[in-house]
Amino acid sequence: MSYFLVSVLQSFLPTALLLGLSWSLRKTPHVRPLIWLSLLGFFAGTATGINLPTSQQWVLFFTALQLALILLFLLSQLISSSKVGYFWQLVLLFVAALRWGQTPNLSAITATNVINTDLLLNISSVVAGLILVAFSGALMTFCMRQLRYLRWPLLIVLSLLLLAPLSGELMLVLMKLQVVELTKSLLSYVAKVTNVNNLNSYVCAGVLLLSGVIYLIKVVLPRSIARAEPRPIEHRKAVAQYQDSRRIFVITLLLALLTAGAQLYWDKVASQPPRLSEALPVTLASDGLVHIPVEQVRDGKLHRFVWVAEDGKAVRFFVINRYPDKLRLGVVFDACLLCGDQGYVMEGNQVICVACDVRIFIPSIGKPGGCNPVPIDEWEMNDTELTISKKSLESGLNYFSTIVTLEVTDPVDGSKLTNTKAEHRYTFAGKTYFFSTAANYEAFRDNPEKFVKEEQ
């Protein structure tokens, strides 16, 4: 839900504030044509963005067109005609909606073809975002009619906010078409300006906050003093003006806080992947088995463990009691054949795949197929403990990529080194050996029995 609210704010808020600045120069627009033009721009732009051709030539054309339109918009601010204002209301919202329609995750607004809770929540987020955007634009108009000297500085700031990513996209497509030479500095520029959508909300919140504070100082406080007017009629007018200006200030401040808060929540909380619980380290006993007390894992929670192989590869697995009323353990690797080793988390009574957010049917854990975790074979359990063999754990080595740094010994000359920095390694009789030099590696490879015997 929060993603769609934030995406609407990122895509439309700079445009709404620009339009608010534009209308501050003109007569107050009629509500009906303004709404119809806004809806037309939104739906037409979104549909165009979803169906936009992906060839580099089309991308170049639309990117250049957007750049030209923003520059023309700035030039048109020298004209106070209301018709010009209506024109840009349609065009700028069309451009903003076009870019929003190109959002890769827009299709995630629903995962099914029926109306469900997720669809309703996501649509509500879009509507709420558009309402916030509309109020922000309207309040910008009210503020700037009293603060005309701020109009052009804010127009330039917001225009640059839109122009920066467009310039990066233009450079990127020109490099792809080999019109512009690909250089490190250009690539660096493109990377910096095309991945700053989250800054849109913060900058716009700052613009709203700045406008609100200056409006407070220049308009609200003087009107507060003016309430002392002794003549009754003038006193009532002064009080009404003060109350109106105070409402504008308070709502502007609230919108700034809501915008920044929504983006901050998304950046720091909602967009963060679930964190895996700490994995308890386990080692092989003298019998070559890992021993886990049954009492430790029978409570229905996800119990994560990690075993580190001789080469430093960390193999995670978890144990869970699959039924609340009887002991039926699932013993599985913390990895999926489809999604890799990002693992699983437990939220409430649900086990969830971190990579794809699929909810796992807990009684099916331990069975192969789908997004289920990979089962561990050949484990045993008695009344007191669960045991897993080294061979069973080694079968999961290929599912994981994490390497733990270990101090190892070169079997040829006895020197100490770490497994992660050793350039040469060799597996013999099921064990991995590490070497400090190429000569040691070749000597071991030619006659491993000699060095293994000496090591023993």
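Reader: Let's start with F42: is F42 buried or exposed?
Author: First, a word on the ground rules: this is a predicted model, where local features need pLDDT of at least 70, side-chain atom pairs count only at pLDDT 80 or more, and totals for chains, interfaces and linings use all residues. Residues are numbered from 1 along each chain as its sequence is written, and side-chain values use heavy atoms, with hydrogens and water left out. Buried means under 20% relative accessible area, exposed over 50%, and partly exposed in between (1.4 Å probe, protein chains only). F42 has 12% relative accessibility, so F42 counts as buried.

Reader: How many aromatic pairs does a search of the whole structure find?
Author: Rings of Phe, Tyr and Trp (its six-membered ring) pair if their centres lie within 6.5 Å; planes under 30 degrees apart count as stacked, over 60 as edge-to-face and the rest as tilted. Searching the whole structure that way gives 16.

Reader: What kind of pair do the rings of F42 and F43 make?
Author: Their centres are 5.1 Å apart. The planes meet at 75°, so the pair is edge-to-face.

Reader: Which residues do ring pairs link into a cluster with F42 and F43?
Author: Ring pairs tie F42 and F43 into a cluster with two further residues.

Reader: What kind of pair are F305 and F317, and which strands hold them?
Author: Their ring centres are 5.4 Å apart with planes at 20°, so the pair is stacked. Strands here are DSSP runs (E, at least two residues) and helices are H or I runs of at least four, numbered from the N terminus. The pair ties together parts that are 12 residues apart in sequence, because F305 lies in β3 (residues 303-308) and F317 in β4 (residues 314-321).

Reader: What is the relative accessible area of F317?
Author: F305, its partner in the stacked pair, is buried at 2%. F317 is buried too, and its value is 0%.

Reader: In what order do the strands of the open sheet run?
Author: Two strands pair if DSSP finds at least two bridges between them. Between β3 and β4, which run antiparallel, there are 6 bridges, and V308 stands opposite A314 in β4. The sheet has 4 strands with mixed pairing, in the order β1-β3-β4-β5.

Reader: Which residue lies over the face of Y242?
Author: A charge sits over a ring if NZ of Lys or CZ of Arg is within 6 Å of the ring centre and within 35 degrees of the ring normal. K326 does that for Y323, at 5.0 Å from the ring centre. Over Y242, at 4.2 Å from the ring centre, lies R227.

Reader: Which element has the lowest mean pLDDT?
Author: pLDDT is the predictor's confidence in each residue, from 0 to 100. The chain averages 86, and 97% of the residues score at least 70. Helix α4 (residues 82-101) has the highest mean among the elements, at 94, while the lowest, at 66, belongs to helix α13.
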